[in-house]
Each structure stands twice: as structure tokens, then as C-alpha cells.
Amino acid sequence: MLFKAKLDSTNIQTQQMDHASLLKQFEHLDPHNQNTFEAKDLELLISTATKDLENYDAERHEEFKRYEMLKEHERREYLKSLDQEKREHEEKRLQELKEKHRQHPKVNAPGSVAQLREVWEETDGLDPREFNPKTFFKLHDTNDDKVLDEQELEALFTKELEKVYDPKNEEDDMMEMEEERLRMREYFMKNVDVNQDRLVTLEEFLKSTEKKDFNNPKEWETLDMKEVYTEEELQRFEAELRDKEEELRRKKEKLQEEQELLRERGRALEAQRREYQQAVLEMSRRQQAGDGQPPVGPNGELKFEPPGQPMEAKDSKVPAETPNNLPAEPPQNLPVHT
């Protein structure tokens, strides 16, 4: 897309382009200029995008280095945990795996005639004696945009990578294979991509086949032939790991202290709940024993008599009149008749 826009701006200098539509596709464009898209803007855009991709590749290399250092750190720690006899046996086994990984066919340099002919023959199924660079370019320009982009280039290196890496083998690391693929693509771009726009045109590709290194390249050095990191870098990495482990340990201790505090508070609340429950049960027991305490409701609340009639009126009873068969006592001090 970027390359096509560049060609359009080069071929038709006076043509104005819809800058707003391009803004929707690329975040690098200047949002303040939404009316036209000039050739200078495009150059700045390509430069910015290229720099971003280069930074991304650098980050991938650094990430891979840290991966390899972590792997070595874990290997050393594992060996330390073994007794002498087991350690010697394991060291021997690991060394044998390492040597087995190194025993692979010769890897052709990316972009060399040997590497391209191998793809021509084994991937494309064509006669190596009829190898033609122009036809090869068109065959592998899979989206027919007149350039080979990074994905199309990396696909060309699969045959070489299969000589070294097999996912079924214990000694072969697929993370290393992807790092190898990235290194091959960067090597190819360095020798072929003249204007460094991370795209290979047919003209650039054909010119690369005229170079001396195309027919007589050096043997490609795989990762097992190079040092990814130094011992000093590994020591700094391990010190960084120790610092992080210490920080995690402190955080863990702090969390444990907070958890213990929460448990203590929970135990205190549970004790208060039980004490309250015991008090309610005791009040209920006294009420049932008739000790004059007010009754207790279903939820432990006290129940009192509603206001109105006095308590004395509730318990006082009017005695019923009973018949008396005894004669009535005569009145006292009545006059006597003679």
C-alpha cells in the first residue's frame, strides 16, 4: 500500500490524493493536513514506518536474548539441585543433544543462487537448470503487488530452516528457528533492498543476482555457531532475576501479614457473635424458668406488654359470692320490748 502510494505520487505529480482516507489506514499521517497528500508527506510516512519496524525487529532480538539467558539460568539451577553423579550424567546428556543439533546439512546463505535454486526445485517443482530470476520473482510475489515484502521473503527461507530445526526433536528449539528466520530476512534485505524501504522491487532483485556473492556466497552461520549473549550479560540478567525474586518475596510476606490480620479480625467477630448468641439463649432459659424476665421473640428480641391496663389489674381477681347457709347475725343494740 505504501509502495503503491509512492508510485502514484511519483508518476502523477499534480494529482491530489484523498488524505483523509489514508488517515484511516495509517496512524503515522499528520492529522492536521486532511486535504491533500504530497510526495514529501509520503516520504516522511515511509521513513517513520520503516523506523518503527526496525525498532520492532530490535525488540524481537532482545526478547530472544533474554529467552536464551533464562534458559541457561534454569539449566544451571537445575544442575545445582542434583547430586554429583546425577549432575555428571545430565551434563553429558545435554551436551549430546547440543552436538546432535549441530549435525545438520549445510545451510545456504539467504538470497544466494544455491538457496534460490533449492526453492525453485523443491518448492516450485521446476528444473534447477532452467532457473530464471525474473520468473522466480513473479512466482513468489504472491499478492502481485510488484514487490516482495517481508512475509514473502521469510517464506523463501523455510527450506533452509527445515535443515536445522524439526519440532519433533528434543534438541531443536522452535524459538531459535524464528530468530534464525528473522536473521535471514535482515541479511537478505541488507544485500538487496537498496533504498531500505523494506520492500524488494524486481529491479533490486535482479541487480542482486549480478553480484559476486550471489554465485559464491559464504556459508551461513546458524545460531549454534554464534554467541547470543556474553557471560557478563548473563550475570547481569541473573542479578536482575534475584532482585525481582526478592521484591516478590517481600510482597508475598506483606500479603501474608494482611491475611493474618484479617483472620484475627474474623476470629474476634466470631467470638462476639457467639457471646451474643449465648446471652440470648440465657435470657430465653430464664424466661422459661419463670424468673419474671420478659419473654424472648424468635429473633432474640425482648417482648413487653403493651401500655394500657396496669399490671395489678391483670393479676387481681374479684372473689365470687358464695351462698351462706348460716343464719344472719342479729343486729346489735336493738330496743327490747316488754
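User: How is the packing of helix 5 and helix 6 to be read in terms of their axes?

Analyst: Two packed helices are described by the angle between their axes and the distance between the axes. In this predicted model, helix 5 (residues 113–123) and helix 6 (residues 133–140) have axes that come within 11 Å and cross at roughly 60°. The two helices are therefore oblique to each other.

User: Is the crossing of helix 5 and helix 6 left-handed or right-handed, and which residues make the contact?

Analyst: Helix 5 and helix 6 form a left-handed crossing. Helix 5 contributes Leu116, Val119 and Trp120 to the contact, while helix 6 contributes Thr135, Phe136, Leu139 and His140. Sorted by class, this contact of helix 5 with helix 6 comprises 5 nonpolar and 2 polar residues, with no charged residues.

User: What volume does the largest pocket have, and which residues are the closest to its centre?

Analyst: The largest pocket holds about 1,000 Å³ of space. Its lining consists of 27 residues, of which Glu68, Lys71, Glu72, Lys98 and Glu176 are the closest to the centre.

User: Which elements give two or more residues to that lining, and how is the lining divided by class?

Analyst: The elements that do so are helix 3 (39–80) and helix 4 (84–102). Helix 4 gives the most, with 9 residues. By class, the lining of the largest pocket has 18 charged, 7 nonpolar and 2 polar residues.

How values were computed. Residues are numbered from 1 along each chain as its sequence is written. This is a predicted model: local features need pLDDT of at least 70, side-chain atom pairs count only at pLDDT 80 or more; totals for chains, interfaces and linings use all residues. Side-chain values use heavy atoms; hydrogens and water are left out. Axes are lines fitted to C-alpha atoms, for helices over the stretch in contact, and angles run from 0 to 180 degrees between N-to-C directions. Helices (H or I, at least four residues) and strands (E, at least two) are DSSP runs, numbered from the N terminus. Angles under 35 degrees count as roughly parallel, over 145 as roughly antiparallel, 65 to 115 as roughly perpendicular and the rest as oblique. A crossing is left-handed if the near helix is turned anticlockwise from the far one by less than a right angle, and right-handed if clockwise. Contact means heavy atoms within 4.5 Å. Ala, Val, Leu, Ile, Met, Phe, Trp, Tyr, Cys and Pro count as nonpolar, Asp, Glu, Lys and Arg as charged, and the others, Gly among them, as polar. On a 1 Å grid over the protein atoms alone, a cavity is a set of points where a 1.4 Å probe fits but cannot get out, and a pocket is an open set with protein on both sides within 12 Å along at least five of seven lines; lining residues have an atom within 4 Å of a point. Grid points are joined across faces, edges and corners, and a volume is the space filled by probe spheres set on the points.
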